[in-house]
Amino acid sequence: MSGIFIAIILLTVLALFFGLLLGFAAEKFKVEGDPLVDQLEALLPQTQCGQCGYPGCRPYAEAIANGDKINKCPPGGAATMEKLADMAGVDPEPLTATEEVQIKKVAYIREDECIGCTKCIQACPVDAILGTGKLMHTVITDYCTGCDLCVEPCPVDCIDMLPVTQNIKTWDWKLNAIPVKTIDEDVKC
Amino acid sequence: MLTLFEQIDKGTLWRSTGGIHPPERKTLSNRTPIKSLPLADEYVVPLPQVGESAILIVKQGDYVAKGAILTKGTHFGHLPAHAPTSGHVSCIEIRPGNHASGLPVLSCVISADGLDTYDANIHPALSTNEVDQLTDKQLLTKIQQAGIAGLGGAAFPTHIKLSPASDIELVIINGIECEPYITADDMIMREKSDEILNGIAIIHRLLAPKRLIIAIEDNKPEAIEEMQHALNRSSLPKDGVRITSIPTLYPSGGEKQLIQILTGQEVPSGAIPAQLGIVVQNVATAYAINEAIQRNYPLIERVVTVTGDNTQLAGNYWIPIGTPISHVLTQTQFIGGEHDKVIIGGPMMGYALHNDNAPTLKGSNCILLPASDELAPEQKELPCVRCGECAHVCPAQLLPQQLFWHAKAQEYDKATSFNLADCIECGCCTYVCPSEIPLVEYYRIAKSAIKAEAEEKKQAELAKQRFDLRTQRLEDEKRAREEKQKASAARRKSNMSSSDKDAVALAMARIKAKKAAANAEADSASTLSTRSVADTGAENKRKDISAAVARAKAKKAAQKAAATQDDTASNITSSMPETSAPADERQAKIAAAVARAKAKKAGLKPDAADSSTANGSENTGSVNAPVDDKKARIAATVAKAKAKKAAAQLSADEADTSTVSAPVDDKKARIAATIAKAKAKKAAAQLSADEANTSSVSAPVDDKKTRIAATIAKAKAKKAAAQLSADEADTSTVSAPVDDKKARIAAAVAKAKAKKAALKISTNTEHDKD
């Protein structure tokens with residue numbers, strides 16, 4: 001009879017102990033905010049271009065976390081889309097943008113045409129345009145994310161989006177690695 | 001148990017994993033001594049650093065002597081470029097580069113004048129003593145200024161390697177040259193062994209290692225012999241320096257592989273040998289160091305093996321860096337066609353050149369010109385059969401087939417987890433693969449993709465940082481703007497409410513003035529009041545009636561004033577007082593006119609005369625009963641003045657209330673009306689007291705006198721008003737910078753005071769009435 005009591009007491013004590021432990025752990029290791037949003041944001045290219053329809057990469061990450069589609073980020077390309085799909089736990093989908101949009105570009109200002117209106121400076125989300133009122137502006141191409149946002153406000157249309165030229169440092173082996181091969185037609189046995 | 005150094009001294013070797021034995025084919029080029037080629041017409045010096053870490057110090061048309069410096073950089077790792085021959089800078093432009101990509105690079109093109117004049121800085125060789133007198137720093141500067149880069153292939157700046165942060169215990173001089181076909185190091189060791197040993201002595205002096213090993217593969221017995229003799233002749237300490245022969249195996253010439261063979265130690269992934277206290281230098285680099293120190297001769301030429309079945313003059317050549325490869329091909333009698341490959345480097349690690357006009361570089365040790373049947377033909381890639389041969393031969397102990405699967409599937413993170421970064425791209429796996437899979441190609445693609453990804457990530461990080469900074473800045477600006485706006489709004493408001501305040505002050509001043517006047521009048525009237533008290537034989541009825549009439553009058557005036565005030569208040573919300581003031585004035589005027597008319601009427605009627613006197617008696621309660629017509633008239637004028645005053649006061653009061661709650665409600669209006677009424681009453685009381693004074697002093701006063709009195713009263717009122725306005729002006733200047741809240745509080749206080757005053761007055765009157 002006493003054995004049963006001992007068992008009950010023991011189990012109660014254990015239950016209390018683990019309950020306290022769990023309660024303590026829940027408080028101590030509490031996760032603030034939604035870690036998924038941060039993880040999704042880390043995958044986005046941070047161009048802040050707004051092509052997804054949201055005013056920046058973080059809002060889009062939040063939208064994906066709330067169930068928006070993962071294929072709205074043209075600057076990220078298919079690779080980013082796949083990673084987003086992986087992270088968000090949904091199926092990959094083809095990008096909404098065309099291939100052409102996905103080529104990495106940077107803005108160039110045709111400097112002798114620039115009238116110094118500062119409109120592009122205000123539009124640039126990453127402060128990559130240098131210049132001041134009534135003086136020529138220029139793009140710091142290293143900082144340019146190619147978001148296109150400066151093209152629209154320019155009153156004299158002097159901003160070009162040019163594809164990034166490859167140099168030896170940015171060269172990708174992929175370009176000439178795979179020679180074109182003619183595949184023999186299937187011969188039926 | 002022997003220590004590592006004892007084992008090294010004994011010549012113990014460790015086994016490295018993997019490796020292959022491809023056909024060497026070195027005899028093609030190592031039968032003849034090193035030759036020189038005739039000068040080319042032009043030399044192309046690629047300047048990849050210009051625009052990033054260096055500037056070009058020559059311009060088009062400049063004359064440059066052989067060995068003249070072309071670029072200047074401030075970066076610690078910067079290596080200057082030198083003119084390979086004397087001549088003029090014909091152009092500085094984008095030229096095809098000597099790179100696997102074939103991408104063009106900015107180059108300085110020098111058209112040779114054919115004289116090959118040395119630069120003034122290059123001098124005859126110094127003696128050993130003179131070299132000994134140079135400090136370490138001078139030595140390193142000379143090495144840097146000579147533009148010496150590792151000549152084994154990687155072209156890493158040598159002066160950085162020779163000034164390591166940690167202590168160096170072991171220096172390895174790499175004379176392995178394990179790749180097939182290449183014999184450049186072999187030949188330079190045979191021909192320039194003494195110079196190489198001098199260079200090694202400089203390295204030895206700079207690094208002061210405990211041991212120094214010159215490692216040479218055992219397929220170069222002549223080189224080993226020459227080097228051994230040179231070592232015996234040199235001043236290097238015999239006990240700490242030795243030449244070790246290494247069994248031939250590809251790729252034991254790799255830095256990490258060589259360290260493993262000689263010491264048994266493995267360089268950790270991602271680490272450099274210096275972290276183990278080991279530095280590896282190529283024999284050709286040692287030769288270049290010697291040239292730089294002794295003669296100030298920069299690295300402008302190197303031994304290049306030109307070999308293969310497609311050249312008739314296979315051998316080693318001193319080729320100036322920047323020589324167009326097409327020139328080398330013509331001079332060595334290239335017999336291949338247009339489609340025959342020109343390979344820079346060996347057959348295992350080299351790359352096919354896209355454009356023959358590309359120049360030779362510091363790292364180009366071999367130009368391989370194979371005939372079409374010489375190398376294994378490119379075969380169609382077959383599926384991986386998982387034979388595991390590649391894993392056996394991998395010198396880096398990787399799993400090539402796993403890497404292949406992941407690289408092919410573009411699962412680069414998985415490939416990274418299989419240590420793709422440790423692949424040295426030696427090509428052993430490709431060499432042994434039975435399925436002819438170009439494994440190294442896959443790894444290169446994967447590596448560049450990973451690099452690009454890392455770069456993108458960095459770029460994204462930077463973009464995010466800049467975006468965040470910008471957002472922060474914009475927010476700060478917005479906040480600052482809002483604050484400024486608020487401040488200016490407050491200033492505007494305080495300016496505006498200062499006029500409210502003025503109105504309040506005006507009202508208060510008026511009340512004060514009135515009080516003062518009342519006091520003064522009370523003083524003057526005190527005597528008369530005592531007397532008038534004596535004449536308390538007035539008829540109560542009449543008194544009441546006249547009082548009621550006066551009250552009604554005042555009420556009407558007040559109501560009218562309140563009504564107009566109400567309207568304007570509802571129409572104009574904030575800038576009330578100024579606009580409403582004139583309206584009130586008008587109102588007051590109307591009221592006054594009405595009062596005048598009434599007074600006239602009263603003056604005409606003899607009964608009214610009684611009532612008008614009663615009006616006075618109503619307040620003081622001590623007016624003589626037998627008052628004549630004139631008195632009545634006086635009373636009328638008084639009433640007029642009263643009405644005027646009341647109206648003015650009302651406007652002031654309303655100004656108060658308007659600041660607090662612009663659209664004044666009925667109740668307030670009523671209150672204001674009552675206040676006005678009370679005030680009017682008081683004013684009436686005072687005036688009548690005045691009158692009483694005169695009347696009581698000389699009861700049978702004629703018309704003239706009364707009139708005079710009335711005019712006096714009027715003038716007094718006017719004066720008071722003038723004073724008030726002056727006061728108001730004062731207060732306005734003082735209260736200008738008062739903010740909204742204060743103004744409101746002041747207004748409330750003023751209102752309260754006004755109310756109190758009104759209450760007092762009314763109680764007074766009541767009291768007096770009683």
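**A sheet in chain B, strand by strand**

Author: Let us start with one pair of strands: β2(B) and strand β7 (residues 104-112) of chain B run antiparallel to each other and are joined by five bridges. One of the pairs of residues facing each other here is B:Val44 with its bridge partner B:Val109 in β7(B). Please keep in mind throughout that this is a predicted model.

Nine bridges link β7(B) to β6(B), and the two run antiparallel. Here B:Val89 has B:Ile110 of β7(B) as its bridge partner. One more step takes us from strand β6 (residues 87-96) of chain B to β4(B), an antiparallel pairing with two bridges.

As a general point, strands of a sheet pair through backbone hydrogen bonds, in either a parallel or an antiparallel manner.

Both of those manners can be found around another strand, β12(B). On the one hand, β12(B) is joined by six bridges to strand β13 (residues 315-320) of chain B, and this pair is antiparallel. B:Arg302 sits opposite B:Ile319 of β13(B). On the other hand, β12(B) pairs in the parallel sense, over three bridges, with strand β16 (residues 366-368) of chain B. There, B:Thr305 is found opposite B:Cys366 in β16(B).

How many residues of strand β12 (residues 301-307) of chain B are buried? Seven of its seven are, so this strand is mostly covered. In a regular strand, side chains alternate between the two faces of the sheet. For β12(B), B:Glu301, B:Val303, B:Thr305 and B:Thr307 point one way, while B:Arg302, B:Val304 and B:Val306 point the other way, and all are buried.

In helix α3 (residues 136-145) of chain B, the buried residues are B:Leu139, B:Ile143 and B:Gln144. These three span an arc of only 135° around the axis, which puts them on the same side of α3(B). The face of α3(B) turned away from that buried side carries B:Lys137 and B:Gln138, which are exposed. Among the elements covering the buried residues of α3(B) are α4 (158-161), α6 (193-207) and α9 (283-295) of chain B. After α3(B) comes B:Gly147, with a positive phi near 70°.

For a spot in a loop, look at B:Thr27, which lies between α1 (4-10) and β1 (35-36) of chain B. Is B:Thr27 buried or exposed? B:Thr27 counts as exposed, because it has 11 C-beta neighbours inside 10 Å, and the cut-off for exposed is 12 or fewer. Although B:Thr27 and B:Pro180 are 153 residues apart along the chain, their C-alpha atoms are separated by 10.0 Å.

Now let us step back to the whole chain. Chain B holds 22 helices and 16 strands. Of its 770 residues, 48% count as buried. Among the contacts in chain B with a separation of 6 or more, 77% are between residues 24 or more positions apart.

Chain A has seven helices and four strands, and from the N terminus its elements follow the order α-α-α-α-α-β-α-β-β-β-α. Of the 189 residues of chain A, 24% count as buried. For contacts in chain A with a separation of 6 or more, residues 24 or more positions apart make up 55%.

Where the two chains meet, 19 residues of chain B are in contact with 17 residues of chain A. On the chain B side, helix α15 (residues 439-534) gives the most, with 13 residues. The residues on that side of chain B divide into nine nonpolar, four polar and six charged.

Notes
Residues are numbered from 1 along each chain as its sequence is written. Chains are lettered from A and ligands numbered from 1 in the order in which they are written. This is a predicted model: local features need pLDDT of at least 70, side-chain atom pairs count only at pLDDT 80 or more; totals for chains, interfaces and linings use all residues. A residue is buried if 20 or more other C-beta atoms lie within 10 Å of its own, exposed if 12 or fewer, and partly exposed in between; C-beta atoms are placed from the backbone. Two residues are in contact if their C-beta atoms, placed from the backbone, lie within 7 Å. Ala, Val, Leu, Ile, Met, Phe, Trp, Tyr, Cys and Pro count as nonpolar, Asp, Glu, Lys and Arg as charged, and the others, Gly among them, as polar. Two strands pair if DSSP finds at least two bridges between them. The arc is that of the directions from the helix axis to the C-beta atoms.
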